[in-house]
Amino acid sequence: MKILSPLDSAAEVDLLVDAGAGEFYCGLLDDRWHERYPVMSMNRRPAGRGHFRTFASLAEAVKRAHDRGAQVYFTLNEHYYTADQYELLWYYIDGALEAGIDALIVTDFGLIASLHERQYSVALHCSTGATVFNRRSVDFFKDLGVVNITLPRHLSVPELRSLSAHVSGVDLTVFILNSRCVNVDGFCTFQHGLAGREIPSMYRNACMLPFQVSGFRLKDSGQTQVLPQDASQVLRQKLWERVHVDDHPCGACALFDLARMGIGSVKIVGRGNPVERKQKDVQFISTLLEAVRAGDSERGSFLQHARDLYAQTYERSCRPFMCYYPELL
């Protein structure tokens, strides 16, 4: 099981490989795209931090990664693209391939079909935006030539175990650290990072704005009844109104189980984060993976070790509402 790390510059490659990264994902966004489409990103990241700016710098990063035995995947994971955007998409795809990237991370069915139509010879990875929640979805994308799928954040450990047991011929990637959004990414139609700096950081994305949730249950009489205010969906929404998505959410306790399922990679979110934080995140997960590979601890002792290391690394204790896999707590 490899660590899939964010990457923003060639200078980060050796630092992150030394910390334990075996795979990288990255994007490139320059003025050519941003001037034409200022309110739509090409890869789910707003303009600014978190992008390569030139193909030369991307090529340098790829070379450094390959020299260290790591692979680099290029993000084109917007949920859809309009017809007039394809001219620019081919420019970025051609530039990324010339830079030597190992795979494209995609979501849009139209882009996948167009890549096949134009006979591009490149590995295709499926983004979490494709909302692959079950094995029929896995088979669908496998038939489209996808070789790796990043599963949605909302699958539980038992669901991951059941899914992985019935999947073959496709590698699976799951989230392990940072940005545990309460919303399902593939169903999100908001653009990130468009609000001005005068708005508090917690609310710069529209999906983070406080809102009211009401649930209704259909009674036998045909009338409706408001669910109690402690209903799970209401409680979860209230919680996430107050807690930022990037407040060090973590799923490291699941590494023990994920390794035994045959999960191919665990993904750390963090394009745009300072390299020091990326290093800390990768080192944290890498240390725990070494313990899993050593096989010298039982499940219970590993869970405690993961919690202790999290507290030591991030100077805070585990919190159920910040856990990717709270069923393990």
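Visitor: In this predicted model, what makes D67 count as exposed?

Guide: The relative accessibility of D67 is 56%, and because exposed means over 50%, D67 falls in that class.

Visitor: How do you know that K63 and D67 meet in a salt bridge?

Guide: The side chains of K63 and D67 come to 3.0 Å, N to O, and since a salt bridge requires a Lys or Arg nitrogen within 4 Å of an Asp or Glu carboxyl oxygen, the pair qualifies.

Visitor: How many salt bridges does a search of the whole structure find?

Guide: The search finds 11 salt bridges, and one of them joins R44 to E78, with the closest N and O atoms 3.1 Å apart. R44 lies in the loop between α2 (31-34) and α3 (55-67), while E78 lies in the loop between β3 (71-76) and α4 (86-99), so this pair ties together parts that are 34 residues apart in sequence.

Visitor: Are R44 and E78 buried or exposed?

Guide: R44 has a relative accessible area of 12% and E78 has a relative accessibility of 2%; because buried means under 20%, R44 is buried, and E78 counts as buried too.

Visitor: Which parts does the salt bridge between R299 and D257 tie together?

Guide: The closest N and O atoms of R299 and D257 are 3.1 Å apart. R299 lies in helix α11 (residues 299-314) and D257 in helix α9 (residues 255-261), so the bridge ties together parts that are 42 residues apart in sequence. D257 is buried, with a relative accessible area of 7%, whereas R299, at 34%, counts as partly exposed.

Visitor: What joins D8, E12 and K278 into one network?

Guide: Salt bridges that share partners join D8, E12 and K278 in this way.

Key: Residues are numbered from 1 along each chain as its sequence is written. This is a predicted model: local features need pLDDT of at least 70, side-chain atom pairs count only at pLDDT 80 or more; totals for chains, interfaces and linings use all residues. Side-chain values use heavy atoms; hydrogens and water are left out. Helices (H or I, at least four residues) and strands (E, at least two) are DSSP runs, numbered from the N terminus. Buried means under 20% relative accessible area, exposed over 50%, partly exposed in between (1.4 Å probe, protein chains only).
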